[in-house]
Amino acid sequence: MNTLIKNAIVLLPDGTTPVANIAVIDDRIAAVGDVPENFQADKVIDGTQHFAIPGFVNAHTHASMTLLRSYADDMKLMDWLEQMIWPIEAKLRSDDIYWGAMLAAVEMIRSGTTAFADMYGPDMERVAEVVEVSGLRGVLSRGLIGVAPDSDKKLEENAALYENYHGAAQGRITVMFGPHALYTCPPDYLKKIAAKAQALGAEVHIHMSETVGEIENCLKEYGKRPFAHVASTGLFENGTLAAHCVHLDDEDIDIIKKYQIRVAHNPGSNMKLASGTAPVPRLLEEGICVALGTDGASSNNNLDMLDEVQLAALMHKVHTLDPLAVPALTAVKMGTEYGAQALSLRDVGRLQAGDKADIVLFSMHGAAWTPCYNPVSLLAYAAKSSSVDAVMVDGKLLMENGALTTLDEEHILFEAQKVADRLTK
Ligand SMILES: CSC[C@H]1O[C@@H](n2cnc3c(O)ncnc32)[C@H](O)[C@@H]1O
Ligand SMILES: [Zn+2]
């Protein structure tokens, strides 16, 4: 299938925004700008008064937690997890994971996300089904909690997920290992995960250094800060996506650089759980890959990546009193290009010939986009994700003219509400 997007304002990798055409052949961008004269389009999309950007990459979420949106708010992380979230998660069934992830897929596509890194469980196969039918790209990890009696079984489930799904859905699904955090995974368990991941060549997705309490308890229990402690188990050897990374010192940053750990910054969740402000400007200065994530919809409380771009652009300015702390283009790149890097998605995250055709079109018709001196600035500071008009992944339209093409939205809302009613009755 060949698609031609005509006359859009296009965000190029160098940050410029010319009016250009985008030619797509099958799953890849064939050309941006000069489209070959002999290019035959099966479909032409009028991109006039639209801003074309690479799809957002949600670098850290728990998709099925959409079911717990507004269930537990205004609490600190450990109270929220221990008193509210873990007890209700213990009631989740396989179908619940499915409908929660379906609800997440609706929300993600509608707000311009084309890829997401998910850590959850059990039954991540059900999330893989959702990736398959929705057309999204998913990097899936089975969440691993080592203090549970079935921790070895969970590790085997993560290995089976890798063996059965890594590269599935025409390559749109990839799999990582998902140790939840150092405070739920004792060192021997982290070592086992490291060995298994190494044997399979898999990467790791973990929560790191999220709260002051995590650092203090780690120092008390192991005599080391979280990054030094986890590094000593070998977990970082094979490639790591580390969510949060809020409380870091120089030694932590050296370890992040040494292992080329990619950071998923979650500004909305960090603010709502009152966890703190990650040192993002410093991490960027040090050349570390910093992506953006929403975290789950129970700590955010949505999966809208444009919110995270806007929060990242704003919160570091007020925290450092420096208006250049995270400029608009950097925030947009954190939500797109750097997200793709963080998830090890090859040829994703930039609008350039040869890359995957994961493209989002924002309608620029409306007050928030008028007048337009600078489309990147409008995106980072003014736009709403309700102006997303079209979403393409691997050259296939998942949303066109504001309508979802792969999912039955009303049915999904109905089923998700039914699950929530059962969980809370
Ligand atoms: C074992 S599956 C993943 C596990 O993580 C929980 N979770 C959601 N948000 C956070 C967060 O910000 N920090 C730590 N853990 C979090 C989720 O509820 C699942 O139990
Ligand atoms: Zn999380």
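Colleague: At which residues does UniProt place the feature "binding site" in an unreviewed entry?

Modeller: One such record names His60, His62, His207 and Asp295. These four are spread over 236 residues of sequence, yet they cluster in space, with a largest C-alpha distance of 11.7 Å. Of them, His62, His207 and Asp295 belong to the lining of the largest pocket. Please bear in mind that the model is predicted, and that the annotation may be inferred rather than shown by experiment.

Colleague: Where is His62 placed, and what makes its approach to ligand 1 a polar contact?

Modeller: His62 is in the loop between strand E6 (56-61) and H1. A polar atom of its side chain lies 3.5 Å from a nitrogen atom of ligand 1. The cut-off is a pair of N or O atoms within 3.5 Å, so the value of 3.5 Å for His62 stands at that limit and is counted.

Colleague: What share of the ligand surface does the protein bury?

Modeller: Ligand 1 exposes 450 Å² when taken alone, and the protein buries 97% of that area. The ligand sits in the largest pocket.

Colleague: Which residues surround ligand 1, and which element gives the most to the shell?

Modeller: The shell holds 19 residues, the closest being Trp86, Glu89, His180, Glu210 and Asp295. A residue is included if one of its heavy atoms lies within 4 Å, so each of these five has such an atom. H1 gives the most, with six residues. Helix H1 (77-89) and strand E7 (113-120) each supply at least two.

Colleague: How is the shell divided by class?

Modeller: There are 11 nonpolar, five polar and three charged residues around ligand 1.

Colleague: Which residues does the other "binding site" annotation cover?

Modeller: That annotation, from an unreviewed UniProt entry, covers Glu89, Arg142, His180, Glu210 and Asp295. The lining of the largest pocket includes Glu89, Arg142, His180, Glu210 and Asp295. Glu210 is in the loop between strand E10 (204-208) and helix H6 (212-222).

Colleague: What does the record say of residues 52-397?

Modeller: The unreviewed UniProt entry annotates them as "domain: Amidohydrolase-related". In the model this span is 42% helix and 18% strand, and its end C-alpha atoms lie 14 Å apart.

Colleague: Which peptide bonds are cis?

Modeller: One joins Asn300 and Asn301, with omega about 10°, and another runs from Thr370 to Pro371, with omega near -5°. Asn301 is in the loop between strand E13 (290-292) and helix H11 (305-320). Pro371 lies in the loop between strand E14 (359-363) and helix H14 (375-381).

Colleague: What is the phi of His244, and where does this residue lie?

Modeller: His244 has a positive phi of about 85° although it is not a glycine. The residue lies in strand E11, residues 240-244.

Terms used:
Residues numbered from 1 in each chain as written. Chains lettered and ligands numbered in written order. Predicted model: local features only at pLDDT ≥ 70, side-chain atom pairs only at ≥ 80, totals over all residues. Heavy atoms only, no water. Polar contact = N/O pair within 3.5 Å; in protein donor to acceptor, adjacent residues only side chain to side chain. Areas by Shrake-Rupley, 256 points an atom, 1.4 Å probe, with all protein chains shown as cover. 1 Å grid on protein atoms, 1.4 Å probe; cavity = no way out; pocket = protein on both sides within 12 Å on 5 of 7 lines; lining within 4 Å. Sits in = over half its atoms within 2 Å of the grid points. Helix = DSSP H or I, 4+ residues; strand = E, 2+ residues; numbered from the N terminus. Nonpolar A, V, L, I, M, F, W, Y, C, P; charged D, E, K, R; others polar.
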